[in-house]
Amino acid sequence: MEDGTIMPKVIREDLEEFLGIMDAAVWDSEQHMREVGFRICREDGNTYTTKQCMGDACGVSLETCEAGDKTVAGFHTHPWIVEEAHPSPPIIAFLAEKKGFSSKAAGANLVPSPMDAIVALVSNEQATCLGNEKGIVCHPMKDIDDMPPRGKSIAGTAQTLRLRCLIAQRGKSQEGIDACFRDLDMITSMMGVPEKEWFFEDEIWLREP
Ligand SMILES: [Zn+2]
């Protein structure tokens, strides 16, 4: 299918009712200087959120939706704490131009990291939402079938590796786990441009910067 003819599966209305919970999570996150997040799930017509998780300054892993339920979105914070850590104009320009995210999202540090993108993909999120005191934005995600070839091939590799990592974790072989995450790191560092190709152009701002 031609890029541009496909539509995001997630719309603003799916996400808006969770703005209050997201705002509370942002407040929590800024208090503790840690990432906080949860998933928004749907079972038939009912939506619910998973338990909120707190990670560290660099990441958080989110609870999954009940088996069989749709994952509408993943939400997590990118806490905005240290004044000096604000992305400098050259970094904003890099994220906006090379990675293709809007300068508004880049300037507010609300751009998915490569790992965020992989986790969103393998978790079948319809959108990945990020928030901090500057704003809250959702990036609708494409289906793997609708991605351009290079993005698709990296996405496929990442998906396979992620699965291998999960199996290694189950087997509890530390060597296997380490090797697997090293490979995953290498793949994510290659992503650069394809990363943006996994998402639709239009961002959904639930709270503007
Ligand atoms: Zn993140």
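These are my notebook entries on a predicted model of a protein chain.

**Entry 1. Ground rules and confidence**

I number residues from 1 along each chain as its sequence is written. Because this is a predicted model, local features need a pLDDT of at least 70 and side-chain atom pairs count only at pLDDT 80 or more, while totals for chains, interfaces and linings use all residues. I looked up the confidence, given as pLDDT (the predictor's confidence in each residue, from 0 to 100). The protein chain averages 82, and 88% of the residues score at least 70. Helix α7 (residues 174–197) has the lowest confidence, with a mean of 69, whereas strand β7 (residues 204–207) has the highest, at 97.

**Entry 2. Overall layout**

I take helices (H or I, at least four residues) and strands (E, at least two) as DSSP runs, numbered from the N terminus. The protein chain has seven helices and seven strands. Read from the N terminus, I find the order α-α-β-β-β-β-α-α-α-β-β-α-α-β.

I call a residue buried if 20 or more other C-beta atoms lie within 10 Å of its own, exposed if 12 or fewer, and partly exposed in between, with C-beta atoms placed from the backbone. By this count, 35% of the 209 residues are buried. Contacts join residues whose C-beta atoms, placed from the backbone, lie within 7 Å. Of the contacts with a separation of 6 or more, 65% are between residues 24 or more positions apart.

**Entry 3. Strand β4 and its partners**

I next examined strand β4 (residues 70–77). Six of its eight residues are buried, so β4 is largely enclosed by the rest of the structure. I count two strands as paired if DSSP finds at least two bridges between them. Strand β1 (residues 36–43) pairs with β4 in the antiparallel sense over six bridges. Within that pairing I noted Phe-38, whose bridge partner in β4 is Phe-75. Strand β5 (residues 127–132) pairs with β4 in the parallel sense, over five bridges. Here Thr-77 stands opposite Gly-131 in β5.

**Entry 4. The nonpolar core**

I define a nonpolar core as a set of buried Ala, Val, Leu, Ile, Met, Phe, Trp, Tyr and Cys residues joined through C-beta atoms within 7 Å. The largest one has 42 residues, and those with the most contacts inside it are Leu-15, Ala-73, Leu-121, Cys-129 and Val-137. Helix α5 (residues 114–122) supplies the largest share of this core, five residues.

I then followed Leu-15. Setting aside neighbours within four places in sequence, I find Leu-15 in contact with Val-10, Ala-73, Ala-127, Cys-129, Cys-138, Ile-204 and Leu-206.

Helix α5 is mostly covered, with seven of its nine residues buried. The buried residues of α5 are Pro-114, Asp-116, Ala-117, Ile-118, Val-119, Ala-120 and Leu-121. Asp-116 is buried because 20 other C-beta atoms lie within 10 Å.

Ser-113 lies in the loop between α4 (103–107) and α5. With 15 other C-beta atoms within 10 Å, Ser-113 is partly exposed. The C-alpha atoms of Ser-113 and Gly-59 are separated by 9.9 Å, although these residues are 54 apart along the chain. Just after α5, Asn-124 takes a positive phi of about 60°.

I also checked how α5 packs on helix α6 (residues 149–171). Ile-118, Leu-121 and Val-122 in α5 meet Ala-155, Ala-158, Gln-159 and Arg-162 in α6.

**Entry 5. Two loop residues with positive phi**

Met-33, in the loop between α2 (19–32) and β1, has a positive phi of about 55° although it is not a glycine. Met-33 counts as exposed, with 11 C-beta neighbours inside 10 Å.

Asp-44 sits in the loop between β1 and β2 (46–49). Asp-44 is not a glycine, yet I find a positive phi of about 50°. Asp-44 is exposed, with 7 other C-beta atoms within 10 Å.

Note on methods: Contact = placed C-beta atoms within 7 Å.
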